[in-house]
Every structure is written in C-alpha cells, then in structure tokens.
Amino acid sequence: MTHDLIRNLLFGLETGVKKWWSSDLKDDTFYAVIWLERAGQMISVDSRPSDAPAIALRADMPEFRR
C-alpha cells in the first residue's frame with residue numbers, strides 16, 4: 001500500500017522510475033538505489049532493497065539488466 005502511494009506520487013509529479021539496483025553490502029546490511037527521471041533530470045534515491053523492486057514494478061519501469 002505504501003508502494004502504491006509512492007507510485008501515485010511519482011505519477012502526479014510526472015516522474016518515472018528508470019532503474020534500481022542493490023548498491024552495497026555493509027555490516028551484513030544491503031542497500032539499494034532507485035533512479036528517477038523528471039523533466040530530463042536523473043535523480044538517485046536511497047532505498048531499502050525490498051522497496052526498490054516493488055516500487056519499480058508498480059511504476060511500470062522498463063526491464064533493466066546490468
């Protein structure tokens with residue numbers, strides 16, 4: 001439900017999810033980053049690794065492979 005709220009906020013702000021990935025592992029904790037695009041500008045947002053794919057799926061992010 002929170003992921004749906006975030007999707008609605010992104011849609012209302014005309015912002016798309018371009019990619020995400022698990023970015024780091026420190027002290028047995030994973031970290032992730034979500035890359036957003038708004039008005040041609042890329043914005044990185046730190047995220048929990050469990051939230052990043054959930055938000056990307058709800059935002060209809062194009063398939064991304066590293």
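Two residues are in contact here when they have heavy atoms within 4.5 Å of each other. With that in hand, take the contacts in the protein chain between residues at least 6 apart in sequence: 35% of them join residues at least 24 apart. What you're looking at is a predicted model, where local features need pLDDT of at least 70 and side-chain atom pairs count only at pLDDT 80 or more, while totals for chains, interfaces and linings use all residues. Residues are numbered from 1 along each chain as its sequence is written, and side-chain values use heavy atoms, with hydrogens and water left out.

Let's start with the parts list. The protein chain has two helices and three strands, and from the N terminus on they run α-β-β-β-α. Helices (H or I, at least four residues) and strands (E, at least two) are DSSP runs, numbered from the N terminus.

Now for the sheet. Its three strands form an open, antiparallel arrangement in the order S1-S2-S3; strands count as paired if DSSP finds at least two bridges between them. At the edges sit S1 (15-26) and S3 (41-47), each pairing on one side only. Neighbouring strands are turned by 20° against each other on average, direction ignored. For such angles, axes are lines fitted to C-alpha atoms (for helices, over the stretch in contact), and values run from 0 to 180 degrees between N-to-C directions.

Ten bridges join S1 to S2 (residues 29-38); among the partners, Lys19 goes with Trp35 and Leu25 with Phe30. Two residues lie between S1 and S2, and Asp27 in that turn has a positive phi of about 50°. Next, seven bridges join S2 to S3, with Arg38 standing opposite Gln41. This hairpin also has two residues between its strands, and here Ala39 in the turn has a positive phi of about 50°.

Then comes helix H2 (residues 51-58), which lies across S1, S2 and S3 and runs at about 165° to S1.

Finally, step back to the whole chain. With 66 residues, a compact globule would have a radius of gyration near 11 Å, and the 12 Å of this chain agrees with that; the radius is taken over C-alpha atoms, and the globule rule is 2.2 Å times the number of residues to the power 0.38. Along its principal axes the C-alpha trace spans about 35 × 25 × 20 Å. Buried residues (under 20% relative accessible area, 1.4 Å probe, protein chains only) make up 24% of the 66.

How values were computed:
Buried means under 20% relative accessible area, exposed over 50%, partly exposed in between (1.4 Å probe, protein chains only).
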